Amino acid sequence: MHEQSAHAGHVYTSAQQKSAAASSPIVASWRRCMTMHQLAPEDVRTPLRLTDHEFRQAREQSEQLIKDAADELDRLFTTVGKAGCCLLLTDRNGIALERRGNAGDDKEFYDLGLWTGSIWTEASIGTNGIGTALADERAVAIFRDQHFFCSNIRLSCTTAPIRDHRGQLAAALDISTCRDDVNEMTLSILSQTVRDAALRIELNIFRSAFTGARFLMVPSGVNSAAALLAVDKHDLVLGATRAARLALKLDDRQIAAGVPAADALHESCAANGDALLEAERAALLRALTRTNGNVSRAAMDLGMSRATLHRKMKKLDLH
């Protein structure tokens, strides 16, 4: 009880300060919880829950998202599940659509509301990984007493937002754990893991949205694999991931008006000279290295056909 009281006092004090430390994303979230959502940190509560009918409707509306994320959720759970972690996939409204967890941990996670049908927004349950990631539209990690409510200070979670084929916020992927031996370094490793998984789900969503299209990778520096263009048989851009939109300065209006892929890429090439070809060569080399030279697997990871990858390798003199 003393720990909970001390936590509530810390939240109130920090939210009222105007120092640099008090301008952190966590404290900004605490302020939103108190001012926008009229929540009190000393309250003991679990997330709001949908009725069975409401939950079925939410899943129906996100049917394609669930399909695009299923394999990645299973893969991620094989990595972190045995470490006492729970996975949640939510829609853009923070509704938990899918869950992965070990049966032995079910009761603890259910009591906390880490279950399908729960609503993990800041308005529902205060500062938390999912709600804060959705509010800020960026990946976050919430470590124990960084949560708003006293009832959640044993919980550590890390969440990455997921964007749709237009680069708009569509969902969130969360890893949560109640293990006492989790520290901030461990959470940092889990944070990178969840960001990587969320990116792979985004690419699945993008490919599903443009079935039958040809996919071009746009070298964009740090994360070239995330910068994809969907192109039709006439070389017109049908869609672009958020990373590609940022790299090529594309928006919905331009894409709807019709942009030849060659023109979009030429602008980037004109600005960067040979850097575009060098970046593409480096991206292909990374993909081939990760698959030990397996061209078929590398092409799959890059979202292109084997024949297309062979043509690019020939053009760039890669053997």
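Reply: Leaving aside neighbours within four places in sequence, Ala-133 is in contact (heavy atoms within 4.5 Å) with Asn-128, Arg-138, Val-140 and Thr-159. The model is a predicted one, in which local features need pLDDT of at least 70 and side-chain atom pairs count only at pLDDT 80 or more, while totals for chains, interfaces and linings use all residues. Residues are numbered from 1 along each chain as its sequence is written, and side-chain values use heavy atoms, with hydrogens and water left out.

Ala-133 belongs to helix H7, residues 129-136; helices here are DSSP runs of H or I with at least four residues, strands are runs of E with at least two, and both are numbered from the N terminus. With a relative accessible area of 0%, Ala-133 is buried, a term that means under 20%, against over 50% for exposed and partly exposed in between, using a 1.4 Å probe and protein chains only. Between the C-alpha atoms of Ala-133 and Ala-247, which are 114 residues apart along the chain, the separation is 23 Å.

An unreviewed UniProt entry annotates residues 73-201 as "domain: GAF"; such positions are given in the numbering used here, feature names are shortened, and annotations may be inferred rather than shown by experiment. This span is 35% helix and 27% strand, and its end C-alpha atoms are 9 Å apart.

Helix H4 (residues 63-80) packs with helix H8 (residues 184-209) at an angle of about 150°, the axes being 9 Å apart; axes are lines fitted to C-alpha atoms, for helices over the stretch in contact, and angles run from 0 to 180 degrees between N-to-C directions. H4 and H8 are therefore roughly antiparallel, since angles over 145 degrees count as such, under 35 as roughly parallel, 65 to 115 as roughly perpendicular and the rest as oblique. Among the residues making this contact are Leu-65, Ala-69 and Leu-76 of H4 and Ala-197, Ile-201 and Ile-205 of H8.

For residues 278-316, the unreviewed UniProt entry gives "domain: DNA binding HTH", and the span is 79% helix and 0% strand, with end C-alpha atoms 9 Å apart. Helices H13 (residues 295-302) and H14 (residues 306-315) have axes that come within 9 Å and cross at roughly 100°, and the two are therefore roughly perpendicular to each other. In H13, Val-295, Ser-296, Ala-298, Ala-299 and Leu-302 meet Arg-306, Leu-309, His-310 and Met-313 of H14.
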